Amino acid sequence: MPNLPAYLIVHHTAVSRGKNAEQFEAVRGYHLRKGWGDIGYHYFIEPDGTVKKGRAENSVGAHTKQKLMNYRSLGIALAGNFDSENPTELQLKALAKLLKKLRTKYNLPVERVAPHRYYATYKSCPGTRFTDQMLEQLARGEVETFTPPAWAEAGVAWAAEQKILTQITGEPISDYRLAAILYNFVKSKVAQL
Ligand SMILES: [Zn+2]
């Protein structure tokens, strides 16, 4: 039975790039030891933005068993643990490019790009720091880079967690966004009272 890609599902490896900056071979070895024919994903993006080819696109995947997704999707994994670190700018750029290519090839609307957790609801995959909004923006090709610089990381993570910033783009701020940020901030304070 061949794989018929109708969805693009994004994962993280849940292994910090601090521990291992080049993970493809390690993950492939791990999946082979499980008795799988190849790495479970179709594409793999290293922290430096290198895209590595996993199993063939028409091969059934081993990444999302819910809703028979392995038979009707392509699995794309990003190396890193995005519960505790942000995807790198190079990874996000590479992912945006890959999603665009695959969406065009299989004629898939933006709605067909999903995080793994959408199907495996008990998981955070591809990590709490890789939000649904980020993925949607990437899939739309609207924003290719929004990884904050190191000095802003803690603040951005806090503001996102508090839902004070709902869109993190690195763009200059407009009056509209400022108003929304102030509103969200005051609302979060009131809710705590
Ligand atoms: Zn996953």
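This briefing covers the overall build, the sheet, the core and some single residues of one protein.

The model is predicted: local features need pLDDT of at least 70, side-chain atom pairs count only at pLDDT 80 or more, and totals for chains, interfaces and linings use all residues. Residues are numbered from 1 along each chain as its sequence is written. The protein has 5 helices and 5 strands. Helices (H or I, at least four residues) and strands (E, at least two) are DSSP runs, numbered from the N terminus. Along the sequence they follow the pattern β-α-β-β-β-α-β-α-α-α.

**Overall build**

- The radius of gyration is 18 Å, close to the 16 Å that the globule rule gives for 193 residues, so the protein is as compact as a globular protein of that length. This radius is taken over C-alpha atoms, and the globule rule is 2.2 Å times the number of residues to the power 0.38.
- Along the principal axes, the C-alpha atoms fill a box of roughly 55 × 35 × 30 Å.
- The protein is divided into domain 1 (7-139) and domain 2 (150-192). These bounds come from an automatic or database domain assignment.
- The C-alpha centres of domain 1 and domain 2 lie 28 Å apart.
- Buried residues make up 31% of the 193 residues. A residue is buried if 20 or more other C-beta atoms lie within 10 Å of its own, exposed if 12 or fewer, and partly exposed in between, with C-beta atoms placed from the backbone.
- Of the contacts with a separation of 6 or more, 68% come from residues 24 or more positions apart. Two residues are in contact if their C-beta atoms, placed from the backbone, lie within 7 Å.

- An open sheet is formed by 5 strands in the order 3-2-4-1-5, and the pairing is mixed. Two strands pair if DSSP finds at least two bridges between them.
- Strand 3 and strand 5 stand at the edges with a single partner strand each, so one side of each has no neighbour in the sheet.
- On average, neighbouring strands are turned by 25 degrees against each other, direction ignored.
- Helix 2 packs on this sheet and touches strand 1, strand 2, strand 3, strand 4 and strand 5. The direction of helix 2 makes about 170 degrees with that of strand 4. Axes are lines fitted to C-alpha atoms, for helices over the stretch in contact, and angles run from 0 to 180 degrees between N-to-C directions.
- Strand 1 is largely enclosed by the rest of the structure, because 5 of its 6 residues are buried.
- Strand 1 and strand 4 run parallel and are joined by 6 bridges. His 11 stands opposite Ala 77 in strand 4, and His 12 stands opposite Leu 78.
- Strand 1 also runs parallel to strand 5, with 3 bridges between them. Leu 8 has Val 113 of strand 5 as its bridge partner.

- The largest nonpolar core has 27 residues. Such a core is a set of buried Ala, Val, Leu, Ile, Met, Phe, Trp, Tyr and Cys residues joined through C-beta atoms within 7 Å.
- Phe 44, Ile 45, Ile 76, Leu 95, Leu 135 and Leu 138 have the most contacts inside this core.
- At least two core residues come from each of strand 1, helix 1 (24-33), strand 2 (43-45), strand 4 (73-78), helix 2 and helix 3.
- In helix 3 (residues 132-140), the buried residues include Met 134, Leu 135, Gln 137, Leu 138 and Ala 139. Their cover includes strand 1 (7-12), helix 2 (89-106) and strand 5 (113-115).
- Neighbours within four places in sequence aside, Leu 138 contacts Leu 92, Leu 95, Ala 96 and Leu 99.

**Residues in loops**

- Ala 14 lies in the loop between strand 1 and helix 1. Its phi is near 65 degrees, a positive value in a residue other than glycine.
- Lys 67 lies in the loop between strand 3 and strand 4. Its phi is also positive, near 50 degrees. Lys 67 counts as exposed, with 12 C-beta neighbours inside 10 Å.
- Glu 57 is found in the loop between strand 3 (51-53) and strand 4. Glu 57 is partly exposed, with 17 other C-beta atoms within 10 Å.
- Pro 126 is found in the loop between strand 5 and helix 3. The peptide bond from Cys 125 to Pro 126 is cis, with omega near 5 degrees.
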